[in-house]
Structures are given as C-alpha cells and as structure tokens.
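Please keep the sequence and the model open while reading.

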Amino acid sequence: MLDIKVIRERLDWAKEKLATRGVKPETLDELVEIDAKRREAMTKAEQLKAQRNDVSKQIAEAKRNHEDADTAIARMREVGEEIKELDAKIAELKEKQTYILLRLPNFPDDSDPIGPDESYNQEVRKWHEVTKFDFEPKAHWDIGTDLDILDWDRGAKVSGARFVYYKGAGALLERAVFNFFLDENMKAGYTEVLPPYLVNDASMQGTGQFPKFKEDVYTIVDNDDPDKPLDLTLIPTAEVPLVNYFRDEIIKGDKLPINVTALSPAFRSEAGSAGRDTRGLIRMHEFRKVEMVKICAEDKSWEELDKLTGQAEHLLQKLNLPYHVVALSTGDASFTSAKTYDLEVWMPQQNKYREISSCSNCTDFQARRAQIRYRDEDGKLHLAHTLNGSGLAVGRTVAAILENYQNEDGTVTVPEVLVPYMHGMTKIVKEPDFFK
C-alpha cells in the first residue's frame with residue numbers, strides 16, 4: 001500500500017508516476033480530498049475532546065464548591081454528541097481512503113521502461129545462443145505424450161482443462177527439477193520453508209492479491225452455505241505465506257536480510273486468459289513452483305534485487321537453458337512491484353522466449369499493508385522492503401527441458417546436473433505402458 005503522506009505532499013509526482021500504470025489522476029484528487037476532510041474532522045474532534053476535558057474539570061470543581069453545574073453538564077453532553085458524530089465521520093472517511101489505497105499499485109521505479117503493455121519491455125541481457133536443431137523440433141506437449149510421461153486426456157477427465165498427470169520419468173523429472181532448485185537455493189543461503197497452502201484474507205491482502213485480484217484465485221466455500229466464502233484461499237504462489245510469516249511483527253535489524261525458499265503448488269483460475277496457451281505446461285490451473293523471498297532493510301533492496309535475479313539466472317545456467325532477462329514496463333509489471341525483471345527461457349518449437357521467473361522489488365508496498373517492520377541499531381522502527389522471485393516455475397522448466405534437450409528419435413537427454421536426481425538416468429525413452 002502506498003504512503004498517503006507521500007501522495008499528499010507530492011501529488012503531481014504521484015499522478016505522473018501512477019499514470020504510467022493506468023491510474024487516472026482524478027482518483028488521486030478524490031483520495032487527497034477524502035484525506036483532507038478526514039484530517040479536518042480529526043482536528044475538530046481533538047479540539048472538542050480537549051474542550052470536553054476542560055468542561056469535565058469545571059463540573060468537578062463546581063460540584064466541589066456546591067455550585068450549579070447543570071449548564072456545564074448540558075454543554076458536555078452536546079460536545080459528546082458532536083464528538084460521536086465526528087468519530088463516525090472519521091471512520092467513514094478512513095474506510096473510503098483505505099478502499100482507494102488498497103487498489104492503487106506501487107510507484108514504479110525511475111529506471112522502469114514506460115509503456116502500457118509488454119511490447120514496451122526492454123531486454124537487459126541474453127545468456128547462451130538459442131538451441132538449434134537439424135530436424136523440426138516438437139512441442140513439449142507432443143514430446144510428453146509420445147513418451148507417455150504426460151497424460152493430458154486423463155488430467156482433463158479427472159479435473160478438467162489445464163490439468164495433467166505426470167507419469168514415470170515425467171514425474172521423476174518434475175521431482176528432480178524442484179529438488180535441484182531447493183538444494184541450489186539453500187547453498188546460496190536461503191532457508192527452506194514448507195508453508196501452508198491455504199491462507200486467510202488478511203494474508204492475501206498483505207501481499208497485494210486482495211482485494212483487487214479476487215477473481216484470479218480459488219476461494220474455499222462453506223459446504224453448508226455455498227454462497228458464503230470461508231476466510232481461506234488456495235495460494236497462487238508461495239510468496240503469500242512466506243511474506244505473511246512476518247506480518248504484524250518487528251524484526252531485529254541485525255537479522256536482515258532474511259532469505260527463504262519454498263516449494264509449493266500454485267493455484268490460479270487464469271481469469272481473462274481464455275484462448276491463451278491452452279496446450280502444454282505454460283498456463284495451468286495447478287502447478288508447482290519454487291519461490292524465493294527476501295525481507296531486507298530499506299536501503300538494501302536494490303542490491304538484494306540483483307542478488308535475487310542472479311540466483312534465478314544461476315539455476316537456468318546450471319541447466320544450460322538459453323534465456324534472456326527483460327525489464328518490465330510500467331504497464332506490464334505486477335501490482336505490488338516497483339521494478340521487475342522477467343527471465344524468459346527459449347522454447348524452440350515456439351521459436352520464442354517464454355517467462356519462467358519474475359524477480360520483483362516491492363519496496364515497502366507489501367510491508368505497509370502487512371505491517372512488517374524492523375528496528376535499526378538506534379532502536380528506530382522502519383518498514384522493511386520485500387522481494388520475491390520464482391526460483392523457478394517447475395512445470396515451465398520441465399517444458400523447456402523437453403524442448404531444448406529433445407533428440408530426433410523422440411527421446412530426451414537429461415541435463416547433466418539432474419542425472420543424480422534422476423537415479424542415474426541420462427535419457428528419457430518411451431517405456432511400456434505402466435498400467436496395462
């Protein structure tokens with residue numbers, strides 16, 4: 001959430017910044033007007049409360065002196081009613097102000113490319129030449145089907161579209177990928193966490209998914225009253241439980257930065273994505289992802305963003321998968337992010353790069369919503385800065401391996417770093433149907 005004081009004191013700057021993210025300037029005018037009315041009402045209420053205290057003293061003194069206090073008592077009642085009305089007005093204005101603030105995105109960093117969509121993203125760097133074959137490469141969904149390691153038909157039968165069964169070497173490959181990621185992240189100083197997969201509304205609001213993106217998630221409902229959602233949502237990313245671990249807490253400054261990593265499923269309704277990536281592992285309703293989260297001091301987050309992005313790149317480099325790094329435009333970056341670098345891996349069949357990780361610096365945006373603070377060496381409290389990045393999306397990594405390591409005979413070579421995790425298997429070949 002943004003700091004209302006910053007918007008109030010730097011209104012023109014805030015309008016200019018948020019206009020690059022699609023926010024209309026009149027929204028900020030309305031917000032500042034509400035804030036002015038709220039502060040005016042608070043000032044008046046404080047004056048009346050001071051007046052009430054004075055009147056109370058006068059009444060007490062009059063009673064001690066056996067003097068008539070009826071007029072003062074009547075006045076105190078009037079003041080009390082005024083205060084009650086003002087407190088109700090303040091609460092109403094505060095609610096309106098919070099409603100707007102919760103729906104405003106983070107301020108983009110000055111270094112972000114300015115533009116309304118992904119066409120304005122800028123390539124920062126590229127690693128490795130793209131994979132080339134002397135035969136026509138197949139799509140990963142066809143490779144998986146032909147090798148009988150991915151079963152889309154039964155996934156659709158049991159769960160619906162955009163669900164899949166991993167079988168045999170396919171299941172082993174998925175497990176190898178996420179175990180490799182976790183091991184490498186732990187070597188880099190991340191603490192592994194196994195978080196809950198269901199979180200409450202306060203947690204979803206703390207990391208910025210609620211209230212703006214409720215249509216993108218799966219919310220649990222009460223079986224006795226299907227129209228009544230429970231205060232539980234399936235996580236869209238492990239970022240939510242990892243960041244909210246620290247919600248409403250004060251961290252000792254000498255403990256920062258905190259680095260945590262987790263494997264979890266991610267559940268996404270993919271609202272608004274009709275017709276996009278309907279085949280394959282790119283856009284699933286349920287998939288696994290290894291997440292990396294950093295909690296750090298306010299003056300260290302840009303340095304930590306470089307480290308976070310570097311760790312995600314390290315994983316792709318170890319797998320020897322071609323990729324490039326892209327700085328997202330103001331219109332394409334996530335709601336909570338001040339700056340995001342996307343890592344996009346090369347997909348030979350599509351002849352293009354596809355996102356496999358987003359590494360974001362959320363500055364104090366999430367920490368203000370979730371009240372995550374730290375105390376510096378002088379005892380002063382500060383809002384922490386939070387960062388998150390995929391390290392990496394597991395299904396998309398499997399897809400990239402299948403396409404980049406495919407052979408003309410239909411087999412898939414196992415990346416060298418994954419062989420130990422694959423029980424020594426160096427090549428995925430079609431095996432007899434396990435269930436026939």
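D87 is partly exposed, at 33% relative accessibility; buried means under 20% relative accessible area, exposed over 50%, and partly exposed in between, with a 1.4 Å probe and protein chains only. K49 also falls in the partly exposed class, at 32% relative accessibility. D87 and K49 form a salt bridge in which the closest N and O atoms are 3.7 Å apart. Here a salt bridge is a side-chain nitrogen of Lys or Arg within 4 Å of a carboxyl oxygen of Asp or Glu. Because D87 belongs to helix α4 and K49 to helix α3, the pair ties together parts that are 38 residues apart in sequence. Helices (H or I, at least four residues) and strands (E, at least two) are DSSP runs, numbered from the N terminus.

The model is predicted: local features need pLDDT of at least 70 and side-chain atom pairs count only at pLDDT 80 or more, while totals for chains, interfaces and linings use all residues. Residues are numbered from 1 along each chain as its sequence is written, and side-chain values use heavy atoms, with hydrogens and water left out.

## Other salt bridges

The structure holds 24 salt bridges. In one of them, R125 pairs with E313, and the closest N and O atoms are 2.6 Å apart. This pair links distant parts of the chain, with R125 in strand β1 (residues 122-127) and E313 in helix α10 (residues 301-319), 188 residues apart. R125 is partly exposed at 37% relative accessibility, whereas E313 is buried at 9%.

Another salt bridge joins the side chains of R279 and D142, at 3.6 Å from N to O. It too links distant parts of the chain: R279 sits in the loop between β9 (258-267) and β10 (286-296), and D142 in helix α5 (residues 140-146), 137 residues apart. D142 is partly exposed, with a relative accessible area of 32%. A network of salt bridges links R8, D35, R38 and R39.

## The chain as a whole

The protein chain has 12 helices and 18 strands. Its C-alpha trace spans about 105 × 50 × 40 Å along the principal axes. Of the 436 residues in the protein chain, 50% are buried. Among contacts (heavy atoms within 4.5 Å) between residues at least 6 apart in sequence, 74% join residues at least 24 apart.

The accessible surface of the protein chain is about 21,900 Å², and 48% of this belongs to carbon and sulfur atoms. Accessible areas come from the Shrake-Rupley method with a 1.4 Å probe; for residues, only the protein chains shown count as cover. The chain carries 61 positive and 77 negative charges, whose mean positions are 2 Å apart. Lys and Arg count as positive and Asp and Glu as negative, with His and the chain ends not counted; a charge is placed at NZ of Lys, CZ of Arg, CG of Asp or CD of Glu.

## Surface patches

Patches are made of residues with over 30% relative accessible area and no salt bridge, with like charges joined within 9 Å and nonpolar side chains (Val, Leu, Ile, Met, Phe, Trp, Tyr) within 5 Å. E61, E67, D68 and D70 form a negative surface patch. Of these, E67 lies in the loop between α3 (25-64) and α4 (70-101).

L198, L230 and L232 make a nonpolar surface patch of about 210 Å². L230 belongs to strand β7 (residues 225-234) and is partly exposed, with a relative accessible area of 34%.
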